[in-house]
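Here is a short briefing to read alongside the structure. Have the model open as you go, and take the topics in any order you like.

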Amino acid sequence: MVSSRLTLRSILGLLFLCFVQVSSALKFDLSAISGKNERCIRNFAHRDQLVVVTAIVSGTKGDGQEVNMHIKDSLGNGHGAPRNIVGETRQTFTPPEDTSFDVCFENLLVTRQALANPFRSIELDVDIGADARDWSSIQSHEKLKPIETDLRRMEEMVGEIVNEMEYLRAREQKLRDTNESTNERVKWFAFGTMGMLIGLGAWQVVYLRAYFRSKHLI
């Protein structure tokens, strides 16, 4: 059981939630065509973070349309590809490394119905990390009070924010090191180029002087 004492992370989480509104689901319409009409939504997750993708697709099976979903990350891994989905579909996965991932949908026109422009409405909700956990189940399993559950969720959210800031700081440090290394190489390349030009100019002067002396021009 978690302590009822407010920790610093819990207070920060409470202040954070006061100013940041919880993201809502993404809603869009996807027209049915016979060719490729894939639409993808990209997101990012850290290593071993729980990701829950929930899609609610309107319509009914047999209406001449077939909606397929495919989840893939930038590492080439697939995380589920349910086909001909209607209603609510949920896919969960944990990426093996820090990576971006795409949730893609396509609406295939199987048979032409009476509708002139057939389409399906899709509602997509992607929960990552603390937002993806089933806090109701955790509350009942660990016999937590509602305030304790909220504080624990806030603490995990703030922990994820801290980890995200550390990740961005590490990325910024790596980019800064790369920038400094590139500047150092460019500097020495410029010095080398300047030295070569000076040497070439001196060689030309010596060569032309020797040439004109051989021709008794000077």
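Residues are numbered from 1 along each chain as its sequence is written, and side-chain values use heavy atoms, with hydrogens and water left out.

**Confidence**
- The protein chain has an average pLDDT of 83, and 87% of its residues score at least 70 (pLDDT is the predictor's confidence in each residue, from 0 to 100).
- Residues 1-23 stay under 50 in pLDDT, and the model has 27 contacts beyond four places in sequence for them (contact means heavy atoms within 4.5 Å).
- Where pLDDT is low, the predicted coordinates should not be read in detail.

**The sheet**
- Four strands form an open sheet in the order S1-S7-S3-S5, with antiparallel pairing (strands are DSSP runs of E, at least two residues, and helices are runs of H or I, at least four, numbered from the N terminus; two strands pair if DSSP finds at least two bridges between them).
- Strands S1 (26-31) and S5 (87-93) stand at the edges with a single partner strand each, so one side of each has no neighbour in the sheet.
- On average, neighbouring strands of this sheet are turned by 25 degrees against each other, direction ignored (axes are lines fitted to C-alpha atoms, and angles run from 0 to 180 degrees between N-to-C directions).
- S1 and strand S7 (residues 119-128) run antiparallel and are joined by six bridges; Leu30 has Arg120 as its bridge partner in S7.

**Asp125**
- Asp125 lies in strand S7 and is partly exposed, with a relative accessible area of 27% (buried means under 20%, exposed over 50%, partly exposed in between, with a 1.4 Å probe and protein chains only).
- Although Asp125 and Val53 are 72 residues apart in sequence, their C-alpha atoms are 6.0 Å apart in space.
- Leaving aside neighbours within four places in sequence, Asp125 is in contact with Ala25, Val52, Val53 and Thr54.

**Helix H3**
- H3 (residues 146-214) has 69 residues and should span 102 Å at 1.5 Å a residue, which agrees with the 101 Å between its end C-alpha atoms (the expected span is 1.5 Å times one less than the number of residues).
- The buried residues of H3 include Leu151, Met154, Met157 and Val158.
- An unreviewed UniProt entry places a "transmembrane region" at residues 188-208 (positions are in the numbering used here, feature names are shortened, and annotations may be inferred rather than shown by experiment).
- Residues 188-208 are 100% helix and 0% strand, with end C-alpha atoms 30 Å apart.

Terms used: Predicted model: local features only at pLDDT ≥ 70, side-chain atom pairs only at ≥ 80, totals over all residues.
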